[in-house]
Amino acid sequence: MAQAATGFSITVPDNWFEIDVHPDTRNGAINTLVTERIAGMPELWEHRTAMVRALRRAARSAHASGAAYCGVMVEGFGGAVLTAGITVSIVDAPNGETGAPAVMRYLKAIPNRGDGTPWRQVEQADLPQVGPVARTRGLEDVVAPDGAGWIRSVLMQTFVPFPGPMSDRVALITGNSPIVQLEAELHDLFDAITSTFRFHTTS
(Lines give C-alpha, C1' and ligand atoms only; values in the text may rest on other atoms or scores of the structure.)
Protein backbone atom coordinates (compact mmCIF):
# COMPACT_ATOMS: atom_id res chain seq x y z
CA MET A 1 0.00 0.00 0.00
CA ALA A 2 1.33 3.46 -0.88
CA GLN A 3 2.28 5.70 1.99
CA ALA A 4 0.53 9.05 2.39
CA ALA A 5 2.46 12.11 3.51
CA THR A 6 1.14 13.56 6.78
CA GLY A 7 3.69 16.36 7.03
CA PHE A 8 7.31 17.27 6.54
CA SER A 9 10.32 18.50 8.45
CA ILE A 10 13.40 20.51 7.58
CA THR A 11 16.25 21.64 9.81
CA VAL A 12 17.90 25.07 9.73
CA PRO A 13 21.05 26.12 11.65
CA ASP A 14 20.67 27.08 15.30
CA ASN A 15 21.26 30.78 14.59
CA TRP A 16 18.29 30.93 12.17
CA PHE A 17 14.73 31.97 13.02
CA GLU A 18 11.79 29.68 12.22
CA ILE A 19 8.97 32.17 11.81
CA ASP A 20 5.20 32.08 11.89
CA VAL A 21 3.92 33.38 8.54
CA HIS A 22 0.22 33.73 9.47
CA PRO A 23 -0.90 37.40 9.23
CA ASP A 24 -2.83 37.26 12.53
CA THR A 25 0.05 36.05 14.67
CA ARG A 26 3.36 36.68 12.91
CA ASN A 27 4.17 40.17 14.24
CA GLY A 28 3.85 39.17 17.88
CA ALA A 29 5.70 35.91 17.28
CA ILE A 30 8.54 37.72 15.53
CA ASN A 31 8.85 40.31 18.32
CA THR A 32 9.11 37.48 20.86
CA LEU A 33 11.69 35.59 18.78
CA VAL A 34 13.94 38.61 18.40
CA THR A 35 13.66 39.56 22.08
CA GLU A 36 14.60 36.03 23.14
CA ARG A 37 17.52 35.87 20.69
CA ILE A 38 19.13 39.16 21.68
CA ALA A 39 18.62 38.58 25.43
CA GLY A 40 21.81 36.54 25.50
CA MET A 41 23.57 38.52 22.79
CA PRO A 42 23.53 42.21 23.76
CA GLU A 43 25.77 43.08 20.80
CA LEU A 44 22.72 42.49 18.58
CA TRP A 45 20.59 45.10 20.38
CA GLU A 46 21.51 47.88 17.98
CA HIS A 47 20.19 45.68 15.13
CA ARG A 48 16.87 44.80 16.82
CA THR A 49 14.67 47.09 14.72
CA ALA A 50 16.34 46.03 11.49
CA MET A 51 16.03 42.35 12.44
CA VAL A 52 12.31 42.68 13.21
CA ARG A 53 11.75 44.55 9.96
CA ALA A 54 13.63 41.95 7.93
CA LEU A 55 11.76 39.04 9.52
CA ARG A 56 8.37 40.69 9.00
CA ARG A 57 9.24 41.33 5.36
CA ALA A 58 10.27 37.69 4.94
CA ALA A 59 7.08 36.47 6.62
CA ARG A 60 4.87 38.62 4.39
CA SER A 61 6.67 37.44 1.27
CA ALA A 62 6.50 33.79 2.35
CA HIS A 63 2.77 33.99 3.12
CA ALA A 64 2.04 35.74 -0.19
CA SER A 65 3.77 32.92 -2.06
CA GLY A 66 1.79 30.25 -0.21
CA ALA A 67 4.69 28.99 1.91
CA ALA A 68 3.94 26.40 4.58
CA TYR A 69 7.31 26.94 6.28
CA CYS A 70 9.77 29.81 6.56
CA GLY A 71 13.22 29.89 8.13
CA VAL A 72 15.32 33.07 8.07
CA MET A 73 18.87 34.06 8.93
CA VAL A 74 19.31 37.67 10.09
CA GLU A 75 22.81 38.62 11.22
CA GLY A 76 24.16 42.01 12.19
CA PHE A 77 27.52 42.78 10.58
CA GLY A 78 28.96 46.19 11.29
CA GLY A 79 26.29 48.66 10.25
CA ALA A 80 24.53 46.19 7.94
CA VAL A 81 22.10 43.31 8.34
CA LEU A 82 22.73 40.14 6.32
CA THR A 83 19.71 38.00 5.44
CA ALA A 84 18.92 34.66 3.83
CA GLY A 85 15.81 32.50 3.85
CA ILE A 86 14.41 29.03 3.21
CA THR A 87 10.73 28.46 2.41
CA VAL A 88 8.74 25.32 1.69
CA SER A 89 5.61 25.66 -0.45
CA ILE A 90 3.22 22.90 -1.54
CA VAL A 91 2.49 23.40 -5.26
CA ASP A 92 1.18 21.52 -8.27
CA ALA A 93 3.85 19.58 -10.13
CA PRO A 94 5.02 21.23 -13.37
CA ASN A 95 2.93 19.77 -16.19
CA GLY A 96 1.52 17.28 -13.67
CA GLU A 97 4.79 15.30 -13.62
CA THR A 98 6.92 14.94 -10.49
CA GLY A 99 9.84 12.79 -11.62
CA ALA A 100 13.22 14.53 -11.68
CA PRO A 101 13.82 14.09 -15.46
CA ALA A 102 10.37 15.47 -16.40
CA VAL A 103 10.66 18.46 -14.06
CA MET A 104 14.17 19.19 -15.35
CA ARG A 105 12.92 19.24 -18.96
CA TYR A 106 10.19 21.70 -17.93
CA LEU A 107 12.66 23.94 -16.08
CA LYS A 108 15.17 24.00 -18.93
CA ALA A 109 12.47 25.42 -21.21
CA ILE A 110 12.01 28.49 -18.97
CA PRO A 111 14.17 31.47 -20.07
CA ASN A 112 16.24 33.41 -17.56
CA ARG A 113 14.68 36.61 -16.26
CA GLY A 114 16.22 40.03 -15.91
CA ASP A 115 19.12 41.71 -17.66
CA GLY A 116 22.81 41.92 -16.98
CA THR A 117 24.51 38.76 -15.78
CA PRO A 118 22.04 36.51 -13.93
CA TRP A 119 22.44 32.78 -14.50
CA ARG A 120 20.54 29.61 -13.70
CA GLN A 121 21.55 25.98 -13.87
CA VAL A 122 19.10 23.07 -13.95
CA GLU A 123 20.42 19.91 -12.35
CA GLN A 124 19.51 16.75 -10.49
CA ALA A 125 20.21 16.44 -6.76
CA ASP A 126 19.89 13.50 -4.40
CA LEU A 127 18.31 14.13 -1.01
CA PRO A 128 19.23 11.54 1.66
CA GLN A 129 15.63 11.04 2.84
CA VAL A 130 13.95 11.41 -0.56
CA GLY A 131 16.14 10.39 -3.50
CA PRO A 132 16.62 12.10 -6.89
CA VAL A 133 14.96 15.50 -7.34
CA ALA A 134 15.07 18.36 -9.84
CA ARG A 135 16.80 21.58 -8.84
CA THR A 136 17.73 25.01 -10.14
CA ARG A 137 20.48 27.14 -8.70
CA GLY A 138 21.93 30.41 -9.80
CA LEU A 139 21.88 34.15 -9.52
CA GLU A 140 18.48 35.49 -10.56
CA ASP A 141 16.39 38.65 -10.50
CA VAL A 142 13.38 38.02 -8.26
CA VAL A 143 10.38 40.24 -7.57
CA ALA A 144 10.87 42.48 -4.52
CA PRO A 145 8.58 41.67 -1.53
CA ASP A 146 6.59 44.87 -2.11
CA GLY A 147 6.30 44.16 -5.84
CA ALA A 148 8.31 47.27 -6.70
CA GLY A 149 11.04 46.11 -9.05
CA TRP A 150 13.55 43.29 -8.89
CA ILE A 151 16.27 42.21 -6.48
CA ARG A 152 19.27 40.26 -7.75
CA SER A 153 19.53 37.26 -5.44
CA VAL A 154 21.28 33.98 -4.87
CA LEU A 155 18.55 31.43 -5.52
CA MET A 156 18.14 27.66 -5.21
CA GLN A 157 14.85 25.82 -5.81
CA THR A 158 14.38 22.09 -5.25
CA PHE A 159 11.27 20.20 -6.40
CA VAL A 160 10.49 17.27 -4.08
CA PRO A 161 7.69 14.92 -5.23
CA PHE A 162 5.05 13.92 -2.70
CA PRO A 163 4.60 10.20 -2.04
CA GLY A 164 1.25 8.44 -2.14
CA PRO A 165 -2.13 10.08 -2.96
CA MET A 166 -0.61 13.57 -3.42
CA SER A 167 1.73 12.36 -6.16
CA ASP A 168 0.67 15.22 -8.45
CA ARG A 169 2.15 17.77 -6.07
CA VAL A 170 5.65 18.79 -5.02
CA ALA A 171 7.23 20.46 -2.03
CA LEU A 172 9.08 23.44 -3.51
CA ILE A 173 12.05 24.28 -1.27
CA THR A 174 13.42 27.74 -2.04
CA GLY A 175 16.61 29.23 -0.64
CA ASN A 176 17.33 32.87 -1.42
CA SER A 177 19.49 35.75 -0.30
CA PRO A 178 20.43 39.19 -1.66
CA ILE A 179 24.04 38.66 -0.51
CA VAL A 180 25.33 37.96 -4.02
CA GLN A 181 28.96 38.34 -2.92
CA LEU A 182 28.59 35.01 -1.06
CA GLU A 183 26.99 33.17 -3.95
CA ALA A 184 28.99 29.91 -3.71
CA GLU A 185 28.84 29.73 0.09
CA LEU A 186 25.08 30.32 0.12
CA HIS A 187 24.44 27.64 -2.50
CA ASP A 188 26.37 25.21 -0.29
CA LEU A 189 24.34 26.31 2.75
CA PHE A 190 21.00 25.97 0.94
CA ASP A 191 22.02 22.52 -0.29
CA ALA A 192 22.90 21.43 3.25
CA ILE A 193 19.57 22.66 4.66
CA THR A 194 17.55 21.13 1.83
CA SER A 195 19.30 17.81 2.39
CA THR A 196 17.60 17.58 5.83
CA PHE A 197 14.11 17.62 4.28
CA ARG A 198 11.95 14.57 4.83
CA PHE A 199 8.28 13.63 4.63
CA HIS A 200 6.44 12.07 7.54
CA THR A 201 4.21 9.33 6.19
CA THR A 202 1.62 6.80 7.27
CA SER A 203 0.64 3.57 5.51
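**Reading a predicted fold, feature by feature**

Guide: Residues 24 or more positions apart account for 57% of the contacts in the chain with a separation of 6 or more, where contact means heavy atoms within 4.5 Å. This is a predicted model, in which local features need pLDDT of at least 70 and side-chain atom pairs count only at pLDDT 80 or more, while totals for chains, interfaces and linings use all residues. Residues are numbered from 1 along each chain as its sequence is written, and side-chain values use heavy atoms, with hydrogens and water left out.

Visitor: How many helices and strands does the chain have?

Guide: Helices (H or I, at least four residues) and strands (E, at least two) are DSSP runs numbered from the N terminus; here there are 4 helices and 9 strands, in the order β-β-α-α-β-β-α-β-β-β-β-α-β.

Visitor: Which residues of H4 are buried?

Guide: Buried means under 20% relative accessible area, exposed over 50%, and partly exposed in between, with a 1.4 Å probe and protein chains only. In H4 the buried residues are Leu186, His187, Phe190, Ile193 and Thr194. They lie on the same side of H4 because they cover an arc of only 130 degrees around the axis, the arc being that of the directions from the helix axis to the C-beta atoms. These buried residues pack against strands S4 (80-92), S5 (119-127), S6 (131-143), S7 (150-161) and S8 (169-177).

Visitor: Which residues have the most contacts inside the largest nonpolar core?

Guide: A nonpolar core is a set of buried Ala, Val, Leu, Ile, Met, Phe, Trp, Tyr and Cys residues joined through side-chain atoms within 4.5 Å. The largest has 24 residues, and those with the most contacts inside it are Ile10, Trp16, Ile86, Val160, Phe190 and Phe197. Apart from it lies another core, of 17 residues, including Val21 and Leu55.

Visitor: How far from Arg26 is the nearest side chain of opposite charge?

Guide: Lys and Arg count as positive and Asp and Glu as negative, with His and the chain ends not counted, and a salt bridge is a side-chain nitrogen of Lys or Arg within 4 Å of a carboxyl oxygen of Asp or Glu. Arg26, found in helix H1 (residues 26-39), is buried yet has no salt bridge, the nearest side chain of opposite charge, Asp20, being 7.7 Å away.

Visitor: What is the phi of Asn95 near?

Guide: Most residues other than glycine have a negative phi. Asn95, in the loop between S4 and helix H3 (100-108), has a positive phi near 55 degrees, and at 61% relative accessibility Asn95 counts as exposed.
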